[in-house]
Amino acid sequence: MAIGQFRDVENGENNTLEDLEQPLVIKQEKIVSYEDEYGSDEKSTEKSGSIWMVLLSTCVAVCGSFEFGSCVGYSAPTQSAIREDLNLSLAQFSMFGSILTIGAMLGAITSGRIADFLGRKGAMRMSASFCITGWLAIFFSKGALSLDIGRFFTGYGIGVFSYVVPIFIAEIAPKNLRGALTTLNQLMIVTGASVAFVIGTIISWTTLALTGIVPCIFLLVGLWFVPESPRWLAKIGHEKEFQTALQRLRGKHADISDEMAEIQEYIVTLQSLPKAKLLDLFKSKHIRPVIIGVGLMVFQQFGGINGIGFYASQTFEEAGISSKTGTIAYACVQVPITMVGATLIDKSGRRPLIMVSATGTFLGCFLAGTSFFLKGYGLLLDWVPIIAVSGVLVS
């Protein structure tokens with residue numbers, strides 16, 4: 001054997017002194033690489049687990065979103081029939097249509113406290129109960145008062161739904177699916193409104209009120225089979241229920257230790273922060289984003305899109321178009337456009353989409369207003385229906 005060499009008895013190899021000078025980390029790196037190549041798939045599978053319970057829970061929750069859309073879309077196809085059957089004036093029906101938003105506003109204001117006190121599932125159950133009560137009041141209505149009470153109840157229910165459904169979905173979804181699943185909320189709202197528009201042109205207004213109960217029943221039944229939000233359970237200190245719920249959501253054999261630690265750390269950090277006050281929003285470092293955020297929401301509502309949606313059929317009739325044809329066209333446009341927006345929101349960014357949306361809403365309202373201006377002065381009467389329909393669809 002040459003000088004500077006030694007015999008590795010265990011492996012039966014000849015090694016030089018230069019080999020001894022090589023750091024052992026290289027050998028360890030090879031071992032780690034070997035384990036990653038063959039063992040990381042198993043670990044990632046354990047951590048990813050099964051998402052079927054997340055999908056089931058999301059499908060149950062978005063029944064509330066569908067109910068939201070059903071309530072919003074109810075008044076448009078039923079306006080003529082309700083006014084005729086119950087002998088309502090235009091002002092009385094306008095009250096019926098708009099009181100939904102008053103109930104929704106109160107529901108949204110109280111939704112945070114309700115969701116924290118009753119839990120996400122409890123808040124959804126309460127919302128569904130309000131909506132069912134409201135629909136039954138509308139179904140049995142013989143006058144304006146019971147109609148308004150029923151409409152107010154459904155408004156309050158969807159006001160709570162507007163908060164608790166996206167919160168529940170965001171809290172149960174894994175990070176890689178959170179964005180996609182939360183967009184289902186808006187998609188189902190639009191779908192619910194579109195379905196109400198379409199079937200409202202076929203069935204009576206009382207039967208349409210009963211169809212509004214269907215998503216609530218699916219929601220109430222489905223909530224028995226899905227877990228509560230793990231984050232809410234961790235927040236109120238129910239450790240055992242928190243772990244059980246998270247395990248059900250991620251799969252029986254999934255490794256949830258890292259996610260449990262992350263959630264618990266987040267809860268501890270959140271509780272250690274000083275309690276925020278309403279006046280904190282008006283501090284110099286917060287005032288600009290608050291003005292931008294609140295301003296976007298306020299001006300979105302002042303754009304008048306809800307007014308167009310609530311009274312779409314009457315708008316088409318006044319423009320000289322069949323209310324059924326116009327309402328169905330309006331319904332068919334909403335869903336594809338919402339799907340396009342949901343697809344582009346992460347690719348194009350929020351700001352460009354808001355600008356495009358605002359421009360389209362302005363153009364649509366301008367066209368609709370122009371059509372009725374021309375009709376009022378007897379100008380270009382052949383073009384009035386086309387301009388009106390184009391304006392409503394663009395909006």
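**Close-up views of aromatic and nonpolar side chains**

**View 1. Phe139 and Phe140 meet edge-to-face.** At 27% relative accessibility, Phe139 is partly exposed. The ring centres are 4.9 Å apart. The two planes stand at 85°, so this pair is edge-to-face. The model is a predicted one. Across the whole structure, a search finds eight aromatic pairs.

**View 2. Tyr74 and Trp135 pair edge-to-face.** Their ring centres lie 5.1 Å apart. The planes meet at 70°, so the pair is classed as edge-to-face. Tyr74 sits in the loop between α3 and α4 (75-86). Trp135 belongs to helix α5, residues 90-139. The pair therefore ties together parts that are 61 residues apart in sequence. Tyr74 is buried, with 0% relative accessibility. Trp135 is buried too, at 1%; the cut-off for buried is under 20%.

**View 3. Four aromatic residues form one cluster.** The members are Tyr74, Phe93, Phe96 and Trp135. Phe96 also has a charged neighbour: Arg151 lies over the face of its ring. The distance from Arg151 to the ring centre of Phe96 is 5.1 Å.

**View 4. Nonpolar side chains make a surface patch.** Trp52, Leu56, Ile217, Val221, Trp224 and Phe225 build the patch. Its area is about 710 Å². Two helices, α3 (52-73) and α9 (213-222), each supply at least two of the patch residues. Trp224 comes from the loop between α9 and α10 (230-235).

**View 5. Arg125 sits over the ring of Trp224.** The charged end of Arg125 is 5.2 Å from the ring centre. Trp224 is exposed, with a relative accessible area of 66%. This Trp224 is also one of the residues in the nonpolar patch.

**View 6. The whole chain gives the setting for the close-ups.** The protein chain holds 18 helices and two strands. It has 395 residues, of which 37% count as buried. The chain exposes about 22600 Å². Among contacts with a separation of 6 or more, 73% join residues 24 or more positions apart.

How values were computed. Residues numbered from 1 in each chain as written. Predicted model: local features only at pLDDT ≥ 70, side-chain atom pairs only at ≥ 80, totals over all residues. Heavy atoms only, no water. Patch = residues over 30% accessible without salt bridge, like charges linked within 9 Å, V, L, I, M, F, W, Y side chains within 5 Å. Areas by Shrake-Rupley, 256 points an atom, 1.4 Å probe, with all protein chains shown as cover. Salt bridge = Lys/Arg side-chain N within 4 Å of Asp/Glu carboxyl O. Helix = DSSP H or I, 4+ residues; strand = E, 2+ residues; numbered from the N terminus. Buried < 20%, exposed > 50% of the residue type's maximum accessible area, 1.4 Å probe, protein only. Phe/Tyr/Trp six-rings, centres within 6.5 Å; stacked < 30°, edge-to-face > 60°. Lys NZ or Arg CZ within 6 Å of the ring centre and 35° of its normal. Contact = heavy atoms within 4.5 Å.
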